[in-house]
Amino acid sequence: LKPNARIRLFEAHSEFAGEASNGWHNAGTGHAGLCELSYTPHRGADGEVDVSVAVKIFEQFEHSKQFWSSLVRDGVIDDPATFVRPVPHIAFVFGQEQVDFLRSRHRQMTKHHFFADMAYTEDRERIRQWAPLLLEGRDPNEPVAATKADDGTDVNFGSLARQQVEWLGRQDGCSSQVAHKVVGLGKQADGRWKVTVQPKNGERFSVFASFVFLGAGGGSLPLLQKANIAEAKGLGGFPIGGQWLVCDDPAVVEKHRAKVYGLSPGAAPTMAVPHLDLRIIDGKKALLFGPYAAWTTKFLHKTGRLFDLPGSVRLDNIASLVRVGLHNLPLVRYLIQQGLQSMNTRLVELRNFYPDAKADDWKLIDAGIRVQAIKKTDGDAGIVHFGTEVITDEANTISALLGASPGASVSANIMLDVIKRCFADELATPDGHERMKAMIPTFDDDLHDAVYSDRQRQTSDEAFATLRLTEAPADLAATA
């Protein structure tokens with residue numbers, strides 16, 4: 001958008017994309033609302049499932065696909081298979097109440113052109129063809145249902161991020177550095193930001209910038225507090241840890257060629273909705289099940305400290321934090337229980353999806369940490385926001401990304417919102433508008449409107465072709 005921009009990127013960790021973008025730390029689903037039942041949790045007055053959030057997320061993911069395809073066309077990324085592969089997305093439920101829910105969801109979703117091709121079935125043999133592990137050992141009398149979308153994806157966001165950073169480092173006036181932690185952030189009299197950086201091995205130094213973006217995962221909140229902007233007053237963070245069960249036995253992995261999502265159990269946060277996923281990471285296939293949530297006081301998995309949460313307490317946010325504890329006791333109890341549960345208890349939840357799962361085939365690994373935003377909304381303090389939040393100051397000189405799902409999947413759309421607000425002048429010029437249209441052709445179209453159905457199909461097909469996602473979903477050669 002702005003070819004003469006000078007950009008410096010600082011990463012505290014010893015590698016780029018080692019935290020929430022790491023392939024093992026997120027689901028890599030390529031969230032488009034195709035199978036995620038947490039995006040359609042409510043029924044309207046007519047008793048039907050409300051799919052408006054799924055529609056919104058699908059449109060946002062369209063922007064990501066278009067942007068990624070532009071990276072391939074422009075040579076930023078040579079081989080799209082290094083970060084994205086086609087994997088069907090399935091929603092699976094069991095029990096009559098859940099079946100009724102999924103039937104309503106499918107009925108409402110297929111009314112929209114985004115989801116017109118989504119398949120639905122209650123037929124066990126058809127489900128067995130889609131994902132045989134779901135029915136191995138299951139009670140034959142238990143009602144089951146599933147939806148399937150063949151245009152789903154598996155995304156290695158770590159690989160995607162690292163390739164973009166490598167390209168950035170080769171551009172004139174730009175640089176990227178690991179093991180460089182931002183330790184100070186202050187607004188100067190001339191309107192610029194003074195950013196103080198501490199290298200792991202070396203003396204700290206400062207740089208000055210007209211605009212700062214904080215995309216530090218859980219580390220964004222402490223940096224935002226250092227900025228001392230009015231928009232961050234009262235803002236707090238609620239960290240939630242995660243774990244996965246992983247199976248890499250080829251005899252099991254080769255039977256499951258999909259990402260399968262279910263309904264969230266009880267007090268579980270939306271980011272802890274259970275799913276059984278095929279992952280392709282660093283050239284290897286594996287199955288992941290989870291995530292299992294856990295109580296933690298760290299804001300980052302690899303570089304965080306146990307003091308992160310108490311260290312974030314300020315006079316302006318202490319009321320919000322206290323109310324979270326008081327008003328979300330079921331959630332707190334759930335997180336503690338999840339962290340203390342035994343391997344056998346975790347296997348019980350896995351067997352709700354895959355009844356014949358064998359304990360010896362699975363191991364437990366740590367996933368990433370998500371810091372959910374806590375802020376005052378409508379005069380009510382202490383609301384935990386389980387979506388993705390962007391905080392921008394009134395002068396449009398600093399923005400910070402907070403939150404979790406759908407997160408990385410819709411990051412292109414998130415940055416579009418930041419650009420529209422903070423770089424509106426650049427975007428409004430004929431050259432700027434043309435450059436953005438080259439990257440994201442539909443960035444200023446309302447694709448959810450039925451009049452754009454043909455346009456959406458065309459741009460989606462073009463992006464899929466460029467990203468080589470038009471091959472048969474079963475062809476999952478491990479190259480990502």
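1. Asp445 and Arg455 form a salt bridge, their closest N and O atoms lying 3.2 Å apart. (A salt bridge here is a side-chain nitrogen of Lys or Arg within 4 Å of a carboxyl oxygen of Asp or Glu.) Asp445 sits in the loop between helix 13 (430–439) and helix 14 (453–466) and Arg455 in helix 14, so the bridge ties together parts that are 10 residues apart in sequence. Helices (H or I, at least four residues) and strands (E, at least two) are DSSP runs, numbered from the N terminus. Asp445 is buried, with a relative accessible area of 13%, whereas Arg455 is partly exposed at 27%. Buried means under 20% relative accessible area and exposed over 50%, with partly exposed in between (1.4 Å probe, protein chains only).

2. On the source: this is a predicted model, in which local features need pLDDT of at least 70 and side-chain atom pairs count only at pLDDT 80 or more, while totals for chains, interfaces and linings use all residues. Residues are numbered from 1 along each chain as its sequence is written, and side-chain values use heavy atoms, with hydrogens and water left out.

3. The structure holds 21 salt bridges. One of them pairs Glu15 with Lys302, with 3.3 Å between the closest N and O atoms. This pair links distant parts of the chain, 287 residues apart: Glu15 is in the loop between strand 1 (8–10) and helix 1 (52–73), and Lys302 is in the loop between strand 15 (284–295) and helix 7 (308–311). Both ends are partly exposed, Glu15 at 33% relative accessibility and Lys302 at 37%.

4. Where do Glu62 and Lys65 lie? Both are in helix 1, 3 residues apart, about one turn of the helix.

5. Asn317 deserves a separate point. It is found in the loop between helix 7 and helix 8 (318–327), and at 0% relative accessibility it counts as buried. A polar atom of the Asn317 side chain lies 3.0 Å from the backbone oxygen of Ser312, and the side chain also reaches the backbone nitrogen of Arg314 at 2.7 Å. Leaving aside neighbours within four places in sequence, Asn317 is in contact (heavy atoms within 4.5 Å) with Gln225, Gly234, Leu235, Gly236 and Ser312.

6. The largest nonpolar core has 52 residues, of which Trp68, Phe83 and Phe115 touch the most other members. (A nonpolar core is a set of buried Ala, Val, Leu, Ile, Met, Phe, Trp, Tyr and Cys residues joined through side-chain atoms within 4.5 Å.) Elements giving two or more residues to this core include helix 1, strand 3 (89–94), helix 2 (96–109), strand 12 (236–247) and helix 11 (411–422). Helix 1 gives the most, with 8 residues.

7. Which residues does Phe115 touch, not counting those up to four places away in sequence? They are Ala32, Gly33, Leu34, Ala54, Val55, Phe58, Met109 and Thr110. Apart from the core of point 6 lies another core, of 30 residues, among them Ala119, Leu133, Val252 and Tyr354.

How values were computed: A polar contact is a pair of N or O atoms within 3.5 Å; within protein, one must be able to donate a hydrogen and the other to accept it, and residues adjacent in sequence count only if both atoms are side-chain atoms.
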